[in-house]
Amino acid sequence: SGNARVFSTGTRLFTGSAEEPVIQRWIPLEDGSLAPGDRMSLATFGLSAVPYGHNFLGPTQAYLYEGAIDTAIVWDPTTLTITGEIDLAPLRDELDLPPVLDPGVLRDDGRLFALVQQYDFATGAVFRGVKVAVFDTTTDTLEAVISDPRCVGGFTQLRVGDDGTIYAMGDNYLVLHWFDETLPPTCVVRIPPAAAHFDPDWFLDLNAVTGHPSTGLVVADGAFYTQ
């Protein structure tokens, strides 16, 4: 029931409940229906629901990100067991806003890059930049926290190009540019292949290209697509 999260590897299917901290495995049957399998509880973390941010990293390794408790939960999709934790407290800053992490992108060098959202629309507090968490998936650690002040936000997931370049879109959280004229234009910055820092010499102003604020980013066949 409710706003379930759906996690799939392409061959395995799990749902995460928004009403209880439980991940449910689903088993496909010959008639095409799904039967419930094993369940894994996250109640020991004090959660009341399963967070949205999630990445499968291999048959026995996956991450769930919950900024409210400053923790990434490491779990095994094969055995449905919790295997570790990663401290996310370094993602906070002087604003002390709880971080929200979208599903990230995994690069061939074993680094996982995940966009960090920090905002409180009720108070107007927002991290004025693009912040990315860099995880070392071989050691299950937070390797670095990098940021770029040229863009702000956002609600668009990171994208990776064919050469391993990672692109981050600052979409001003979809709406903030309508209320704050001091925000930069919606724009794109990038992390070069094999690097864990933003490229200071590359910047794409989407307002200049499209004439409008933009959101959503797709990278395909050497081209950018947005709306």
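Mentor: Let us begin with one residue pair, keeping in mind that this is a predicted model: the bridge partner of Phe 113 is Val 134, which sits in strand E14.

Trainee: And which strand does E14 pair with there, and over how many bridges?

Mentor: That is strand E11, residues 111-117, and E11 and E14 pair in the antiparallel sense over 6 bridges.

Trainee: What stands opposite Val 134 in E15?

Mentor: Ala 144 of E15 stands opposite Val 134, and E14 and E15, the latter covering residues 141-148, run antiparallel and are joined by 7 bridges.

Trainee: How many residues lie between E14 and E15?

Mentor: There are 4 residues between these two strands, which form a hairpin, and in the turn Asp 140 has a positive phi of about 55°.

Trainee: Switching topic, how much space lies in the largest pocket?

Mentor: About 180 Å³, and the lining of that pocket is made up of 16 residues, with Pro 51, Tyr 52, Tyr 65, Glu 66 and Val 100 lying nearest its centre.

Trainee: How do the lining residues divide into nonpolar, polar and charged?

Mentor: In the lining of the largest pocket, 10 residues are nonpolar, 3 are polar and 3 are charged.

Technical notes. Residues numbered from 1 in each chain as written. Predicted model: local features only at pLDDT ≥ 70, side-chain atom pairs only at ≥ 80, totals over all residues. Heavy atoms only, no water. 1 Å grid on protein atoms, 1.4 Å probe; cavity = no way out; pocket = protein on both sides within 12 Å on 5 of 7 lines; lining within 4 Å. Points joined across faces, edges and corners; volume = space filled by probe spheres on them. Nonpolar A, V, L, I, M, F, W, Y, C, P; charged D, E, K, R; others polar. Pairing = 2+ DSSP bridges.
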